[in-house]
Protein chains: 2
Amino acid sequence: MAQPIIDNCFGLENARRLDAVDRLASMRDRFLLPQGIYLDGNSLGVLPRDTAAALHDVVERQWGSDLIAGWNTHDWIGQPQRLGGLIAPLIGAEPHEVIVSDTTSTNLFKLIGAALIARPDRVTILSEPGNFPTDLYVAEGAVRMLGDRVLKTVPADEIVEAIDEDTALVMLTHVHYTSGRKLDMAAITTAAHAKGALILWDLSHSTGAVAVDLNGCGADLAVGCGYKYLNGGPGAPAFLFVAERLQGALQSPLSGWMGHDSPFAFDDAYRPAPGIARFLCGTPSVLGMAALECGLAPFAEVDLPALFDKASALGALYMRLMDERCRDVGFTLASPRDDAVRGGHVSYAHDHAYPICQALIARGVVGDFRAPDLLRMGFAPLVTRYEDVWRAVETIRDVVRTRSWDNPLFKVRAKVT
Amino acid sequence: MAQPIIDNCFGLENARRLDAVDRLASMRDRFLLPQGIYLDGNSLGVLPRDTAAALHDVVERQWGSDLIAGWNTHDWIGQPQRLGGLIAPLIGAEPHEVIVSDTTSTNLFKLIGAALIARPDRVTILSEPGNFPTDLYVAEGAVRMLGDRVLKTVPADEIVEAIDEDTALVMLTHVHYTSGRKLDMAAITTAAHAKGALILWDLSHSTGAVAVDLNGCGADLAVGCGYKYLNGGPGAPAFLFVAERLQGALQSPLSGWMGHDSPFAFDDAYRPAPGIARFLCGTPSVLGMAALECGLAPFAEVDLPALFDKASALGALYMRLMDERCRDVGFTLASPRDDAVRGGHVSYAHDHAYPICQALIARGVVGDFRAPDLLRMGFAPLVTRYEDVWRAVETIRDVVRTRSWDNPLFKVRAKVT
């Protein structure tokens, strides 16, 4: 990976020098960026410049004038596959292996259910404690519905040895939502297959920030989020991946009409569509899809290895600056230092992480807090500058050294964190 | 029900007279209506005048400027309940019994799953053949996942006697999507309860067009669509209802994080929210919700009994005019003539229904075709005028009498019908 040259005394000029030679720098112009420094694109991505106009067109011209004809005229019906095709290169998949549909949680249920139905003689879903909550909750729901299965969690570094002949499905998040730790997709996938288990990767915190090679690793199933690095907007539709070799054998328990072989024949009996479309369920959100399409467009224009290198380099710079500038003020790195096993965000533990995070927001530096004590910063490589990282660390330094976080206002817990 | 006065020779002047005294006539101004006569609002509702601006605000100001803070600042997190509260009066529910979420298909799965889990000793889901396909498909998927249940269909008029001690759930669509036939919700609900079964009503073709009184009928569960009479736009989020008395006892198999008692505690174990929120799953579509909210607003401003009377009267006028003007040209009424048992749309069978429908669209009269031979016209009472009905029938008359439908162009089947 091309690591930027960082000298011993890293100042603002150095950061600016890196921005000046950043081949991706012009991508910022494709977005309407907020004031301040936004390092939470891993939670909700920024607004593409084209989104508002695209939505206006979909609403006023397509829906308003063409109404029901829009499904054909504007190929709304083709959105799930078309957008899946745009995501495919980001995750090492073929276009016909990915569709955009529903939410990450719902897609998890489809694929967990399909996997468990396909492995009737195996009892266990294997995951890790502290996985993103909805992954565990949805697995628990599938287990509860089936009655005869269990969800078992073991720490990630014990997963490979825990996989056995009783494992139906290994379900893991590729980049962990708090630590940013990136699992070894190839090794774990191989281990799962060696025991006859299926594997499901949650790519929510990976897609658009780190290289993913589902087919290169021989992965079976994956899901991911549209509103983080993909910039699809709040509550954007999510995506799912099913390897081509499995599509005919697996069947979604959420067998809604859009996954039917012939939805508009209005048959009484369900007959799944032949390919990835069988994992559709209800009527897709045309507005949500239109916004996500604007978020996906910039990725088709960039050199993806350079993009992923930049995400790594931004994280590396953040850690270096935290080392240099925020030493001995109570922070403990909670992310892997090694670029090879870290995703697009970096977390530090601090006893006062919540009010520090709020104080930073008040100063225009937006990261987020993750319970119980993490300050998390995400580096969206399409828009984040090295200078932003430098300024963020200086603000953290100031907030902590002046104890400006020690203010009752910054201790009020928001409904959504 | 207030039936409009219709004299023996019903001309355009008569239709205009009805429009002139229509207390709901001004509601048309709340919508940006397409050219021509749109009678397919039961499939995709028209565009509210406020939607584009509301979406622009959500996109540019809320998302673009406030980003992640929008979940709190703009109460995105409260949308599912807030919009549920707007739908509640349309369906005879309390605000805390309804949430907006996901798609109709996904909501069906949540409630079918919850019902089957709650009735472990009962084998059957009872529905009718020819129910809206996704209802049957989703029930089939739930049955397939559970393994020990069956989906049984009997004609609607035999449902009551088919309910027995083995029935876990009766699942019916209140207003049938082709015929417009409205079932007796009170009687069937009572019959289901008499045998200890739960009941689930699909209100997709009812909500906003006919009176529904879920609590008056003692109904247990319901789902419905946001993009038909509610004018939420293509693929709008759907809604679900769970009677208050059942909320604590039922648990959605789609136990995603938004249904957790404390989603942002990020606990490993699922603990359902106490009320209707437990039926949420993944992150809601903020854009879809914002558009649906614009669709729901007009309903809060109208006299609902008058609205539902108007829908009935428009359908009655359509049938009368078809009788008078389109007699002996091959049409057979496929809907109940009796207003008391008919919803907001009326269908006629015709051997050439498909090309007739296409020829009508080419003449600016938009209804839709439903296989195998139905021409379906929907009367959205917020925007449809009596004059529209009159003109539509005259156009049908002309298309059929001149055989202008007999054109190869009108026989090409579209992907989406």
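**Note on the predicted two-chain model**

1. Asp328(A) sits in the loop of chain A that runs between α12 (304–325) and β11 (332–333). The model is a predicted one, and in it the phi of Asp328(A) is near 60 degrees, a positive value in a residue other than glycine. With a relative accessibility of 75%, Asp328(A) counts as exposed.

2. Asp102(B) belongs to the loop between β4 (98–100) and α5 (104–118) of chain B, and it has a positive phi of about 50 degrees although it is not a glycine. Is Asp102(B) buried or exposed? Its relative accessible area is 19%, and Asp102(B) is therefore buried, the cut-off for that term being under 20%. As background to both residues, most residues other than glycine have a negative phi, and most peptide bonds are trans.

3. The peptide geometry calls for a remark in each chain. In chain A, the bond from Ala371(A) to Pro372(A) is cis, with omega near 0 degrees, and Pro372(A) is placed in the loop between β14 (368–370) and β15 (374–378) of that chain. In chain B, the bond from Ala371(B) to Pro372(B) is cis, with omega near 5 degrees, and Pro372(B) is found in the loop between β14 (368–370) and β15 (374–378) of chain B.

4. Turning to the helices, α1 of chain A spans residues 12–20, and its buried residues are Leu12(A), Asn14(A), Ala15(A), Leu18(A) and Asp19(A). Viewed down the axis of α1(A), these buried residues fall within an arc of 165 degrees, so they line one face of the helix. The face turned away from that buried side carries Arg17(A) and Ala20(A), which are exposed. What do the buried residues of α1(A) pack against? Their partner is α14 (386–401) of chain A.

5. Strand β8 of chain A, residues 198–202, is mostly covered, with five of its five residues buried. In a regular strand the side chains alternate between the two faces of the sheet. Both faces of β8(A) are covered: Leu198(A), Leu200(A) and Asp202(A) are buried on one side, while Ile199(A) and Trp201(A) are buried on the other.

6. The pairing of β8(A) can be followed to two strands. With β7 (residues 167–173) of chain A, β8(A) pairs in the parallel sense over five bridges, and Leu198(A) in β8(A) is the bridge partner of Leu169(A). Between β7(A) and β8(A) the chain crosses through helix α8 (residues 185–194) of chain A, and this β-α-β crossover is right-handed. With β9 (residues 221–224) of chain A, β8(A) pairs in the parallel sense over three bridges, and Trp201(A) stands opposite Ala222(A) of β9(A).

7. The contact between the chains takes 84 residues from chain B and 84 residues from chain A. The area buried between them is about 7,200 Å², of which carbon and sulfur atoms give 68%. On the chain B side, Trp63(B), Tyr137(B) and Met145(B) lose the most area to chain A, and together they make up 12% of what that side buries. How many salt bridges does the rule find across the interface of chain B and chain A? The count across that interface is zero.

Notes
Residues numbered from 1 in each chain as written. Chains lettered and ligands numbered in written order. Predicted model: local features only at pLDDT ≥ 70, side-chain atom pairs only at ≥ 80, totals over all residues. Heavy atoms only, no water. Buried < 20%, exposed > 50% of the residue type's maximum accessible area, 1.4 Å probe, protein only. Helix = DSSP H or I, 4+ residues; strand = E, 2+ residues; numbered from the N terminus. Arc of directions from axis to C-beta. Contact = heavy atoms within 4.5 Å. Pairing = 2+ DSSP bridges. Right-handed = clockwise from strand over helix to strand, strands pointing away. Buried area = accessible area lost by both parts, 1.4 Å probe. Salt bridge = Lys/Arg side-chain N within 4 Å of Asp/Glu carboxyl O.
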